[in-house]
Amino acid sequence: MENRTIKQLYTKQNLIDLFRRIGITSGMIIELHVSMSKIGFIIGGAETLIDALMEVLGYNGTLIMAMQCAENSEPSRFEYPPIAPELFKLYRKHLPAYSSLNSETSGMGRVCDNLRRRSKSVISTHPNTAFVAIGKYAKLLCNNQNLDYGLNELSPLGRLYELKASVLLIGVDYDNLTSLHLSEYKSEVRPIIINGAAYEEDGVKRFKKYLDLNIDSDDGFTEIGKNLERKGLVAVDKIGNANVKLLRVDVAVDEGMRYYKDRMKYYL
């Protein structure tokens with residue numbers, strides 16, 4: 001049997017030291033993406049990580065994460081795995097309506113779940129691409145997210161861009177950087193699609209169709225991140241087996257717009 005003895009423990013103070021070392025200061029707005037398994041064993045787990053980050057951010061700081069309720073979506077768009085066409089109607093009928101507290105999230109992990117359970121957290125209303133935030137600007141960030149084009153300039157991503165927020169990546173790569181979807185919107189590089197989601201309206205569950213862009217984090221996000229690193233616009237550190245990166249949202253989005261506009265001819 002493999003010896004899985006834990007030989008390294010990380011405390012809240014270890015995390016506080018990391019966050020301060022990489023450049024996080026009081027009052028900042030941080031969009032967080034994290035893989036806890038890459039770090040190793042944190043005493044207190046996700047709770048400790050959030051507590052450490054909020055202590056560094058202080059009373060005037062804000063923490064925000066994408067929730068991504070991916071299964072609350074139009075079944076004809078499922079790919080991994082796809083759903084048989086004869087089951088589309090059944091899926092739409094029985095899919096639970098979006099709930100900010102109960103809807104299943106996809107790939108966001110324990111940290112996101114811990115954040116949305118906190119009493120002072122604010123959660124946006126989009127059934128597929130919601131955000132959860134806590135801190136000074138939580139309500140400003142999450143109080144306006146239209147059903148159509150849910151990640152455009154009027155969304156929480158638009159507010160992060162305007163407020164010059166920063167992104168903290170821990171143990172994940174740039175394909176997890178949700179803010180770069182704003183580059184896709186602003187550069188108009190993606191085709192329009194019809195999506196759908198189960199949504200409660202006037203106390204009644206409905207499956208509503210809405211307009212969106214066919215966003216794709218696998219197409220360009222990693223290259224955009226590497227461009228930012230080459231230009232010295234990313235602060236880097238490490239904890240356990242997790243690479244840690246800190247960068248500005250507006251800087252990343254502007255770099256993404258340049259990247260996609262250079263490639264526009266390939267999409268036309």
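1. Cys-69 is buried, its relative accessible area being 1%, where buried stands for under 20% relative accessible area, exposed for over 50% and partly exposed for what lies in between, with a 1.4 Å probe and protein chains only. Cys-142 is likewise buried, with a relative accessible area of 5%.

2. This is a predicted model, in which local features need pLDDT of at least 70 and side-chain atom pairs count only at pLDDT 80 or more, while totals for chains, interfaces and linings use all residues. Residues are numbered from 1 along each chain as its sequence is written, and side-chain values use heavy atoms, with hydrogens and water left out.

3. A search of the whole structure finds 0 disulfides, a disulfide being a pair of cysteine sulfur atoms within 2.5 Å. Cys-69 is in no disulfide, and the nearest cysteine sulfur, that of Cys-112, lies 8.2 Å away. For Cys-142, also in no disulfide, the nearest cysteine sulfur is again that of Cys-112, at 11 Å.

4. The largest pocket holds about 1400 Å³ of space. On a 1 Å grid over the protein atoms alone, a pocket is an open set of points where a 1.4 Å probe fits, with protein on both sides within 12 Å along at least five of seven lines, and lining residues have an atom within 4 Å of a point.

5. Of the 44 residues that line the largest pocket, Gln-68, Ala-70, Asn-128, Ile-215 and Ser-217 lie nearest its centre. By class, the lining has 21 nonpolar, 14 polar and 9 charged residues.

Notes: Grid points are joined across faces, edges and corners, and a volume is the space filled by probe spheres set on the points. Ala, Val, Leu, Ile, Met, Phe, Trp, Tyr, Cys and Pro count as nonpolar, Asp, Glu, Lys and Arg as charged, and the others, Gly among them, as polar.
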